[in-house]
Amino acid sequence: MMNDENLIQEFVSEGREHLAGIEPDFLVLEREGEATDPEVVNRIFRAIHSIKGASGFFGFEAIKRLSHSMENVLMMVRDGKLKPSTGLVSPLLTGTDRLSLMLDDIQASEQVPFADVVETLEAIMNPGAAPVAPQAETPLQATTPTPSAHIVAACAPEPEEIEASARMGQVIYALKLRWNEELVEKNRDPLQVLQLAESLGRVVRCSFSLEQPPTLEDAMDPELPLVILLSSVLEEDLLAIALDMEQSQIEAFLDAKPAPVAEAIELESSTPTGTQPPGAALSESDSEPQTHPETMATPVIEGAIAAENPAPAPDADSKKAKAVASESVETIRVRVDLLNNLMNLAGELVLLRNQLLRTLKDDAGQPDGLGTVLQNLNLTTSNLQEHIMQTRMQPIGSVFSRFRRVVRDMAHQLDKKIDLEIIGEEVELDKSLLESLSDPLTHIVRNSCDHGLETAEERLVAGKPETGRLLLHAYHEGGQINILIEDDGRGIDPAKVARKAIQSGLVTAAQVDRMSQKDIINFIMLPGFSTAENVSDLSGRGVGMDVVRTNIEKMGGNITIESRLGHGTRMLLKLPLTLAIIPSLIVAVKDYRFAIPQLNLVELICVRSDEVSRRVEKIGAADVLRLRGRLLPLLRLADALEIERDYTDPETGEALSERRTAIADRRTEDWGSLDAVGSRKGGFRRQDGLQNIYIVILSLGANQYGLIVDHVLNLEEIVVKPLPNYLKSCRSFSGATIMGDGKVAMILDVVGLSQSVQLAFTETDTEAHRRETAAIKPDCDMEQHDIVLFNFAENEVFAVPLSGILRIEKCRMENIQQVGQQEYLPYHGKGLPLVRLNNLFPVSPLPHHLEEGYLIIPNTPGYEFGIIASCILDAVQVEAKLQPIFDGQQPGLSGAAVIQNRMTMFVDPDALAHRTGLRATSLPQTQNPMATEQIPDSMQDPICDLTPEPCVQ
Amino acid sequence: MKTFATFKVNGQLYGVEILYVREINRHLDITRVQHAPECIRGLANLRGQIVTVIDLCCRLSQHPMENEEGSYFLILRTDAELAAIRQAQDRTDLASLPDCVCFLIDAVDEIVSLDDSEIEPPPSNIGEAEAEYMEGVAKLENRLLSILSVSRLLAYGGKPAPINLGLQPTRKEHAR
C-alpha cells in the first residue's frame, strides 16, 4: 500500500506534466484547424491516453471516464473524422481543466463534476444521437436498441447497426468473454467487463441478462459464451489493451461485411429498461448541472466527413504514435532537493577555488606547473558550476505558453480580439524564479487584456487595427533576463493617476506638476494605491501592481512601466538568471566589504578630487551628482549603514556616539575631507576635495541613485546565502556571501538601502523636470544638446546626441570586411554592419590613410550597426538652433548648427537606422508601435540605457 | 537522564543539552552586520556555512561581552541535523533551529549527565532577563549550573525580546 501512495504521487505529477504539455497544443489545434500538424494531435492523444491508462489502473473512475471521452474525440480528430474547431477545442480544454482539478486532489477526484463535459464531447462524437446525448452517462439505457420486452440478443450486429456506427466513426466489435482460470484470478466478472466496455464506447447489446448477471461459473462454461457488442472508436489493439483482453477475443465488424459470429447464440433476456444499470447511480451524482459558458457552446460537427471515412484508421498510424511516444523519453526525474544540494556543493567548490587562487597568488614560491593546474581547476569548476546551474534552468516558454490559454479565454470572455505574440520562449531561467514569475506575469497579462486592450469597435474608432496586440518577449541582456510585456491598448492616463494620487493624499498637486509622466505612472505600483475605486477610475490599472512589484523585487529584479495614452503600455521586468550565484561588484567602506548585485549596477563613476565641487551639488538637504545632464541623488554607504566616521550631529549626537564606541577602528582619517557629506551643515563644496570619490550608480526601478563607497574592489561571482532570520530586520542587506578569503561579506539590498535613508528622489526630479521642460521640443529655437562631436572626413564635423549612443569603440580599418555592398566588422562574435556617412549623404569620404578609426554604435532598438568616424573630438553640452541642411532632404541628418565655430551636422541615429534598415538579428522585427521614433526620448530612456558595464575611472 | 555541555559566560556556569551542540570552535572571523540586533555579533564562515554569532553575555545580561579575545564559539546543530536526532531518540521537544547559530562563550567546562529529578525550577530571586531563558538549575558538587532553554534564547519574531535589540537605527537615520 505504501508503494501505492508513491505510485499515485508519480501518476499525479506525470499527469500534471501531461496536461501542462498539451494545453498549448490544443490552442494550436484551435488556431490551425485542419492544417494542424498530425503530431500535435498525436501528442495530445498520447498524453490523454496515458492519463486514462494510469487512472484506470489506480481506479480513479472520474478521471478515467473523462479522459476516455476526450480520447475518443481526439481519436476522431486524429483520424480526420472530426474537424478541429473552437466548438471542439473548448470542451476539450474544459476537460483538461477538470482533469487538472481532479489531479490537484486526487483522492477527491470523484467529487469533481465532469458529466457536462462528457455530454458535450459525446454530442460531438455522435451528432446523430444528439437527442439521446443527455443520457449518455448511462449508456445502457441510451443504447438499448429497442424497448421491446424481449430482446433477442442475436449477437451479430445488423448491417444497419454497423453502418450507423461507421457513420459516427465507430466500429462494432464483438467481445467474446471466455473466462479461464487466469481471468478468475484477476477477479473480473462479466459485469465489470461490461462496465469497462461502456466506458470505451457504446454497448449495442449483450448476450446476458443484467438482472441476473452471469456468475463467474457461467462464464467458465464453454457452452455459454458471453458476447458483448460494442460500438467504439477505438481500434482493435487499443481496445484489447483497454479491456485487458486478448486480441483474439475481439472481433471487428467492418462496414457492409458483417462477418457472422460463430458462437452467437440466442438468449432470452428481460429488458434492462427500468432497472438501474450498474454505474447509473454514480453517474447521477456526477451530472450536477455545471453550466460553463464554454461547455455550452454548440459544437461544430463534421458529420459528412465521418460518413465518408467509415473504416478505422490504418494500423500503421497508431504504431507510429507508439514509436514516437517511446522515443520522447530521454530525461530522468531528479528530486529538486538533490539538485539544490548539488548546487550548494558547486557553490562551495567555487568558494574553495577562489580561496585557493587567492592563497596561491600571494605565495611567490609556487612549484612549477602549478599555474596550469590551477587554470584547469578554474575552468573545470566554472564549467561544473555552469552545468549544475543549467539543471535548474527551464525555458521560460513553460510559463509563457500558459498565457496563450489565458489570453484566449479572456478574449472570449471580454469579446475582444487579441493576438498574443510570444518571443524568446527558449530563454532559460532558474526554476525557482520561473515559479515565482508566474503570478506577477499573469497579473500583468490579465491587466493588459482586461483594461489595456480595447474592444474591436473601440479600436476601430481609435484608428487602430481591430485585433489588439499583446507581446511577451524574453531576452538576455547583460547577464540578466529581460521580459517585456507590451500591448497596443489604450495606455495609462497619467492625469487620472495623478488625480487619484492627489485624492488619496500621496502627493500634493504642486508636487505632481513637477513630476515626470513616468513617475506619475509609477504611482500605480505603490501599495495601497490600488483600491477598488480605482477599477472604474483608472480602468483597473494598478490593482495589485504593488504586489507585482514586490514579487519582482523579491526575486532580485525590477520593473519599469511606460505608457502612452492611446498607444499602449510597456512593462519591462529585469530579472537575474538565477538567485543562487550572481555576478556582483565588491565595494568597501573602511574594512567592511559589501557585494552589490550587478543587476542593480548601472555604472561606476570616479569623481576626481578637483572636480568634486563642480559635479556634486546640493539641492535642499540632498547631495546630488550631475551626470550627463541628469541629477542623481547621492547616498554615502557609510552613513546609510552608520559605519563610524568622525561626525557629530547636534540633534542625534548622543545616540550615535553610543554606537560609535562599539566600533573598534576609528583611525582611518583619510575621509575627513568628505565627512560633511550628508550632514546639513556641510557639503562637498565646502571641502578641499583632497580625495577622489567613487560613486556606484544603482538603478532602482525607474530611478537611479549614486552610492558613495570608499573603494571599488572587483567583480566577483558570489554565492548568495540567505540572511539568517535574526537579521531580517536589516533592510539594507539582501543576503550574505563568503568571499575568497573566507570572510563573510554582506550583499547590499539596493531598494532597502535607499528606503532606509529615504532618498530624496522627488527633489532631484523636480530639478530634472525643470531641465527637461527646457529641452522638450527638438525643433524649436535654442535648445540644449548633449552631443558627441566627431570627424568623418578630416575637416567636416558631425554630432550625435549622447543619448543616442550605446557605445563608442576603437576599430582597425584593416579589420573591416566587405560583403557585397555592405561592410562589416567582427564585433562580439557577430558581424556588425557599418555605415559610412559619405554613402548616405553628400559629404566627403574618410581619409585614405586612416588606420585606426572609431565606431559609434547607436542606441537604436531593433537596429544594430556602427557609424564609422575617423576621430572623436569631444563630448559637449551646447545650446544651438538646428537649421535644415541639404534642403532637409536627407533623412538621418536632423540639421546643422555652428558649434565651436565649426559647421556641425547633426546625425539622427533613429532616422539613420530606418534609412539603412540594418535591423538587429536578436530583437523583434515586427512592427512595434512603441519602438519607432514616435516615442519621446524620455520614454525610451530606462529600457535603452547605456549598457550596465562598469568601468572604473 | 540528559547530558549537558556546560560553559562559562561572565563568570557564571551555564549548560545546554548536548544534543544541540554540534561543535565548539575557536577563531572564527566575525563580520559585523550593521543595523543588526545588539546581541548579534555578526556572521562567520564555518566551512562554507554562514553562522550567526550570538553574544550570549548580551542576551543574558544585556551588556555585550567585553573581552572577545580568547572566547569560544559553541556551534549549535541546525534543523536538518536535529531532525535525525528527533526521530532516532524520539525527542519531539527539541527546539527548531532553522539557521546555523553559535554562542559566544568565555570558556568551556565539563560535560555532565543529570537525572530529571536533579533539575529544579529556576529560583525566583534571579534576574528577570535571566529567568526568561532559564529552564532550570542543578546543583553540581560545589557549583550551581543554570540550564538554558535553547528555544527561548533563539526566539526571534514572536514576542518582543525583553532586551533592546536596537531595531530603530533606520529611524535615527531619518532624524539626521
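This is a predicted model: local features need pLDDT of at least 70, side-chain atom pairs count only at pLDDT 80 or more; totals for chains, interfaces and linings use all residues.
Biologist: What percentage of the residues is buried in chain A, and what percentage in chain B?

Modeller: A residue counts as buried if 20 or more other C-beta atoms lie within 10 Å of its own. In chain A, buried residues make up 40% of the 953 residues. In chain B, they make up 35% of the 176 residues.

Biologist: Among contacts between residues at least 6 apart in sequence, what percentage joins residues at least 24 apart?

Modeller: For chain A the value is 70%. For chain B it is 57%.

Biologist: Next, the cores. How many residues has the largest nonpolar core, and which have the most contacts inside it?

Modeller: A nonpolar core is a set of buried nonpolar residues joined through C-beta atoms within 7 Å. The largest one here has 102 residues, and Ile695(A), Val696(A) and Cys102(B) have the most contacts inside it. Strand 20 of chain A, residues 693–700, gives the most to this core, with 6 residues.

Biologist: Which residues does Ile695(A) touch?

Modeller: Leaving out residues up to four places away in sequence, Ile695(A) touches Ile605(A), Val607(A), Leu625(A), Leu634(A), Gly706(A), Leu707(A) and Ile708(A). There is also a second, separate core of 41 residues, and Ile396(A), Cys449(A), Ile485(A) and Met545(A) are among them.

Biologist: Now the helix pairs. At what angle do helix 2 and helix 3 of chain A cross?

Modeller: Angles over 145 degrees count as roughly antiparallel, and those under 35 as roughly parallel. The axes of helix 2 (residues 38–58) and helix 3 (residues 61–78) of chain A come within 9 Å and cross at roughly 155°. These two helices of chain A are therefore roughly antiparallel to each other. Their crossing is left-handed. Residues making the contact include Phe45(A) and Ile48(A) of helix 2 of chain A and Met70(A) and Leu74(A) of helix 3 of chain A. By class, this contact has 11 nonpolar, 6 polar and 4 charged residues.

Biologist: And how do helix 3 and helix 5 of chain A cross?

Modeller: The axes of helix 3 and helix 5 (residues 115–125) of chain A come within 9 Å, with a crossing angle of roughly 25°. That makes helix 3 of chain A roughly parallel to helix 5 of chain A. This crossing, too, is left-handed. On the helix 3 side, the residues include Leu66(A), Met70(A) and Val73(A), and they meet residues of helix 5 of chain A including Val117(A), Leu121(A) and Ile124(A). The contact has 9 nonpolar, 2 polar and 2 charged residues.

Biologist: Last, the backbone angles. What is the phi of Asp415(A), and where does this residue lie?

Modeller: Asp415(A) has a positive phi of about 60° although it is not a glycine. Asp415(A) lies in the loop between helix 18 (397–414) and strand 8 (418–423) of chain A.

Note on methods. Residues are numbered from 1 along each chain as its sequence is written. Chains are lettered from A and ligands numbered from 1 in the order in which they are written. Axes are lines fitted to C-alpha atoms, for helices over the stretch in contact, and angles run from 0 to 180 degrees between N-to-C directions. Helices (H or I, at least four residues) and strands (E, at least two) are DSSP runs, numbered from the N terminus. Angles under 35 degrees count as roughly parallel, over 145 as roughly antiparallel, 65 to 115 as roughly perpendicular and the rest as oblique. A crossing is left-handed if the near helix is turned anticlockwise from the far one by less than a right angle, and right-handed if clockwise. Two residues are in contact if their C-beta atoms, placed from the backbone, lie within 7 Å. Ala, Val, Leu, Ile, Met, Phe, Trp, Tyr, Cys and Pro count as nonpolar, Asp, Glu, Lys and Arg as charged, and the others, Gly among them, as polar. A residue is buried if 20 or more other C-beta atoms lie within 10 Å of its own, exposed if 12 or fewer, and partly exposed in between; C-beta atoms are placed from the backbone.
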